[in-house]
Amino acid sequence: MPRTWEGLAQSTDGDYVVDDFKQAFYQLVTQQCLYARFVQQGVAYRLISRHRTEFKEAADLLGLQLAFNDRLEYCYVNQAVARHSPMDLQETMFLLVLRHTYHLHASAGDLTPEGDAVISIPELQETFKGLTGRDLETRTQVLKAQVKTAQRNGLARLADAEDGDGQPFAIAILPGIADVLSEHAVNRFGAHLKASLIAPPAAAAAVDQAVKEQEQ
């Protein structure tokens, strides 16, 4: 059983108060990935990193597993047990395509020093079409909304497009995506969809199977 937040706060000799621990844990659970380099997450990350044992025990009480990537300075939580809440098909396909794209860039050594894979909208379009047989919705507001949904879980962020690119923005796929979504699930997902241009119900089943496998 973890120590109380009150006891942990007292052990910091006034550096942190109880609400700091509660807020950090709330951020961890709701955002899933926290990075030291981001202003809105750095304080929480450092606090959690400093008290790893206690936060791991607290996460375990919620059926979550807390882990760290010390080289790139981020932490993340995964489900320790399978969840049964339904996932939106379009959102899940988008995230799995991002995961596959990240794997391709990582395999080619094409990552930023922070571990990000920065991609253009046309590259995302091509990969999405190749994996799903569908066209990616590229209206600016729609695509921004999808990236911001991924951002809430520490998986991707909007980035500046390269000069002369002609695109409104680029997409930075964050390294935590490799820990939150397994490559095995992505491969299974792609295999199902690439077998033929399958109908939406079959696509939904393929996504559901991929999600179940990555949660095991």
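## Aromatic pairs

In this predicted model, the count of aromatic pairs comes to 10. A pair of aromatic rings is described by the distance of the centres and the angle of the planes. For Trp 5 and Phe 25, the ring centres lie 5.8 Å apart and the planes meet at 50°, so this pair is tilted. Trp 5 belongs to helix H1 (residues 5-11) and Phe 25 to helix H2, so the pair ties together parts that are 20 residues apart in sequence. Both partners fall under the 20% limit for burial: Trp 5 is buried at a relative accessible area of 17%, and Phe 25 is buried at 14%.

A further pair is formed by Tyr 16 and Phe 21. Their ring centres are 6.2 Å apart and their planes stand at 70°; because this angle is over 60 degrees, the pair counts as edge-to-face. Tyr 16 and Phe 21 are both buried. One aromatic cluster takes in Trp 5, Tyr 16, Phe 21, Phe 25 and Phe 55.

## Surroundings of Phe 25

Phe 25 is placed in helix H2. When neighbours within four places in sequence are left aside, Phe 25 is in contact with Trp 5, Phe 55, Ala 58, Ala 59 and Leu 62. Two of these residues, Trp 5 and Phe 55, also belong to the aromatic cluster that includes Phe 25.

The C-alpha atom of Phe 25 is separated by 9.6 Å from that of Tyr 45, a residue 20 places away along the chain.

## Packing of helices H2 and H4

Two packed helices are described by the angle between their axes and the distance between the axes. For helix H2 (residues 18-31) and helix H4 (residues 52-61), the axes come within 11 Å and cross at roughly 55°. An angle between 35 and 65 degrees is classed as oblique, which means that H2 is oblique to H4. The crossing of H2 past H4 is right-handed.

On the side of H2, the contact is made by Phe 21, Ala 24 and Phe 25; on the side of H4, it is made by Phe 55, Ala 58 and Ala 59. By residue class, the contact of H2 with H4 consists of six nonpolar residues, with no polar and no charged ones. Among the contact residues, Phe 21, Phe 25 and Phe 55 are also members of the aromatic cluster.

## Residues with positive phi

Most residues other than glycine have a negative phi. Gln 32 has a positive phi, near 70°, and is not a glycine. Gln 32 lies in the loop between H2 and strand E1 (33-35). Gln 32 has a relative accessible area of 16% and is therefore buried.

Glu 73 likewise is not a glycine, and its phi is positive at about 55°. Glu 73 is located in the loop between strand E2 (64-69) and strand E3 (74-79). With a relative accessibility of 45%, Glu 73 counts as partly exposed.

## His 105 in helix H5

Helix H5 (residues 89-107) contains His 105. The relative accessibility of His 105 is 8%, so this residue counts as buried.

Terms used
Residues numbered from 1 in each chain as written. Predicted model: local features only at pLDDT ≥ 70, side-chain atom pairs only at ≥ 80, totals over all residues. Heavy atoms only, no water. Axes fitted to C-alpha atoms, helices over the stretch in contact; angles between N-to-C directions. Helix = DSSP H or I, 4+ residues; strand = E, 2+ residues; numbered from the N terminus. Parallel < 35°, antiparallel > 145°, perpendicular 65-115°, else oblique. Left-handed = near helix turned anticlockwise from the far one by under 90°. Contact = heavy atoms within 4.5 Å. Nonpolar A, V, L, I, M, F, W, Y, C, P; charged D, E, K, R; others polar. Phe/Tyr/Trp six-rings, centres within 6.5 Å; stacked < 30°, edge-to-face > 60°. Buried < 20%, exposed > 50% of the residue type's maximum accessible area, 1.4 Å probe, protein only.
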